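Reader: Could you walk me through this model, starting with its charged pairs and then its pocket?
Author: Happy to; let us look at it together.

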Amino acid sequence: MSNTALLRKVASIQMTSGADLGANLDQAELLIQSAVSRGAELLVLPENFAYLGCKEIQNIAEIEKSIGPARKFLAEQASKYKVWIVGGTIPVKEPSLSDLNDSSLTSASCFVVDSKGIEVSCYRKMHLFDAQIDDAKGNYCESSEYSPGSSPVVVDTPIGRVGIAVCYDLRFPELFRYIVGQGAEIIVIPSAFTTKTGKAHWSLLLRARAVENLAYVVGANMGDRDHPKQPTWGGSAIIDPWGTIVGQLEGGSGVVVADIDLSYLNDLRNKMPVHKHRQFSIAKPLSSAE
């Protein structure tokens, strides 16, 4: 039986953000407070938690480049409550993009902030959602505003080694194989899955990524299923390495908190060493994190 003293709590935060930054941050703070009150030490916010539906993305990205309001909010919340926060995504203008022909493009950046309020890592969304979906919005084209990242990210935290993916990344299992190969025990996935695709695939994909990698998966999604222009599915969940859903929401806003038990994870990996049995390996990305 697992030693309960080794259990650590993680929280998946589900939001119904809109175009009002102040209202979004107020909502996020209330949910962070709820997660903290339930003992969570690592909190995961959804994709675009601060700026969902906002226009003028390039102006926002320029402001956030120099620690704008969303990044400042993450630092303040993490420091105030002495927790680690995976900050969904924030549009950020990257200095490294200045040499591109189209310098208006920016990255969807997911910051990891420690309990002192320090940004210790940043993952830039690698797979951009360019797709035709049969919903109110219809056409999604993230590449018209964003540039894809090129570096997988795995970061050490007090509750375990965490790998990061964002939303559409969930459909690309080779990314997950790579970050687990870099030691990831917990995979966090800030998202804003559409209602159409989320109903069909969200839970299925979360569980698949957990099972095939024998890893904990924390999916934090937007949950405004009835939004007239851009409905999002919700269903935020925490999945254990055996594929069991240990906590899940429906639509709306809320918090899921569950235990991370690394002794259980390691026991499963020892009994079923799929990582050692692989006959194919994923080529190292050109600009991957070490």
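**Salt bridges and a pocket**

Author: Glu47, Lys125 and Glu142 are linked in a network of salt bridges, a salt bridge being a side-chain nitrogen of Lys or Arg within 4 Å of a carboxyl oxygen of Asp or Glu. This is a predicted model, where local features need pLDDT of at least 70 and side-chain atom pairs count only at pLDDT 80 or more, while totals for chains, interfaces and linings use all residues. Residues are numbered from 1 along each chain as its sequence is written, and side-chain values use heavy atoms, with hydrogens and water left out.

Reader: Which residue forms a salt bridge with Glu41?
Author: The closest N and O atoms of this pair are 2.7 Å apart. Glu41 sits in the loop between helix H1 (21-37) and strand E2 (42-45), and its partner is in strand E1 (residues 8-14), 33 residues apart; helices (H or I, at least four residues) and strands (E, at least two) are DSSP runs, numbered from the N terminus. The partner of Glu41 is Arg8.

Reader: Is Arg71 buried or exposed?
Author: Arg71 meets Glu119 in a salt bridge (2.8 Å, N to O). Glu119 lies in strand E6 (residues 119-124) and Arg71 in helix H3 (residues 69-81), so the pair ties together parts that are 48 residues apart in sequence. Buried means under 20% relative accessible area, exposed over 50%, and partly exposed in between (1.4 Å probe, protein chains only). Glu119, at 30%, counts as partly exposed, whereas Arg71, at 8%, counts as buried.

Reader: Now the pocket: how much space lies in the largest pocket?
Author: On a 1 Å grid over the protein atoms alone, a pocket is an open set of points where a 1.4 Å probe fits, with protein on both sides within 12 Å along at least five of seven lines; lining residues have an atom within 4 Å of a point. The space in the largest pocket is about 800 Å³.

Reader: Which strand gives the most to the lining of the largest pocket?
Author: The lining has 35 residues, and Asn48, Leu52, Gly53, Lys137 and Gln230 lie nearest the pocket's centre. With 3 residues, the strand that gives the most is E8 (residues 139-141).

Note on methods
Grid points are joined across faces, edges and corners, and a volume is the space filled by probe spheres set on the points.
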